[in-house]
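Dear colleague,

I am handing over the structure below for your attention.

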Amino acid sequence: MSFISHSYWTTQQYAATQMSPERLHQVQQQRLRQFLQTTRTHSTYYREKFRHIDTECIDLAEYPVTTKSEMMAHFDQVVTDPGITRKGIEEFIADIRNVRQRFLGKYAVAHTSGSQGQPALIVQNQQELDLLFAFQMTRGNLEYQGALRLLRGACNLWNPTRLAVLINQQGFFPSAWIWQHLPKFMHHFMRFLFVPANDPDLIAKLNAFSPAVLSATPTSLDLLALKIDQLRFPRLRQVVTWSETLTPKARGRIHAAFRTPVMDNYASGECLFMTNGCSTSTGAHINADWVILEVVDENNRPVPPGQMGHKVLMTNLANTVQPFIRYEISDRLVMATEPCGCGNRLPRIETIMGRAADFFWVATSSGYRPLTTYPFQHAFDYLREVREWQAEQVERNRIIVRLEPIPGTTTDLDLARRRLDERLAITGLQHELQISFEVVPRLKTDAHTSKFRRMISRVGVPEDLDAALKNIATNDPQP
Ligand SMILES: [Zn+2]
């Protein structure tokens, strides 16, 4: 696409937020029909899986669900480009230097966190990336909304939106790598600052950049809020959160500190553009013209709005290279029952539960820092003989790592330790922590919930940090 047609296409992406539910359904069903046909033509796995279903059928309830383990077991037959293989992608992402590259020169690839036991490999096509950025610029951007949006869209060419993103980790994790693949035309509309959340010069860099939109995880924003008196953000219009659950308390604190609307984007690695946050309410609006989310119970029966589902079935209408059709995501959602007051007519998820916010607070010479699950995942997920791992914070800076080998294999502890050291070096925590390793035949589940947890803290949030965070909330000026 040329710059002009690309820009025009981007501005058109606002339209669905104003569609009637009937019109939206029509658009969605047209895309679904085409998507199912394309998938059945080009994916040998789905063609076989759906062989008993009429080729004209677009009633999703007739289609069987897809699980992550199924997707990974049949990966090479699921994907629609015969050049893509699971082995090829695993080799590609094993080399961190590839993080800025496209797989086969055209696909962005990532792996998910594997919080349910096994990481999923994900291949994104250009359409998925274009939609992600177009939605962020239009549906997720308060500057763009309102009656003057087209004029504002044009004005962005002269006065681009300034977006600062605090990145938590490097690697092939969806939230980090995605920024490496920004379409070039976006740079005409937006100015970007990507800065690691643990950069020692974070505040100076943010102040110099002066963001209009600040995008980070709730944890990073909490930490930044503690230094609010050092921040100079005269342009700041909105804060965008992602990745972790945004609790009402955290939302209150962040809103009080930054005095702007807080927009909570909810997505998964399997569909990055799934929602954009709402400026007036909790939760997020589903980009339902391009993704279908079914909130269901344990037996895949629909759960009505206002009630908490057990899981979500996701159908991503944009990704034709690795089709996700009624793909199980274990997040628990409640859909809103009323139209939203913000003016966006797309369906709104009211409550989002289940996103992993697993991390440890550890002490450093410059204050407390969150240690997320990522360094561990990246170190251990691709050690072939490690079936599962678990990290337990037994003292503030003392952690026990337990590795469960695949039966019949031997775990190379030196290699595991080296891999973890490499990942911790990136976070700057390598020399702050005392880490010991254990190899166990079987990792234990939580005695109370009988769920398996990879990150267990025996020490919790430090008391002085807890008090400081509470202090932000009680000083709420209610802007
Ligand atoms: Zn809304």
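Is T260 buried or exposed? T260 is buried, because its relative accessible area is 4%; buried means under 20% relative accessible area and exposed over 50%, with partly exposed in between (1.4 Å probe, protein chains only).

Please note that this is a predicted model, in which local features need pLDDT of at least 70, side-chain atom pairs count only at pLDDT 80 or more, and totals for chains, interfaces and linings use all residues. Residues are numbered from 1 along each chain as its sequence is written, and side-chain values use heavy atoms, with hydrogens and water left out.

T260 is found in the loop between α12 (248–258) and β7 (262–264); helices (H or I, at least four residues) and strands (E, at least two) are DSSP runs, numbered from the N terminus. Leaving aside residues up to four places away in sequence, T260 touches L236, R237, Q238, V239 and H255, where contact means heavy atoms within 4.5 Å.

In strand β10 (residues 291–296), six of six residues are buried. V291, L293 and V295 cover one side, and I292, E294 and V296 the other. β10 pairs with strand β11 (residues 311–316) in the antiparallel sense over six bridges; pairing requires at least two DSSP bridges between two strands. Within this pair, I292 stands opposite T315.

Yours sincerely
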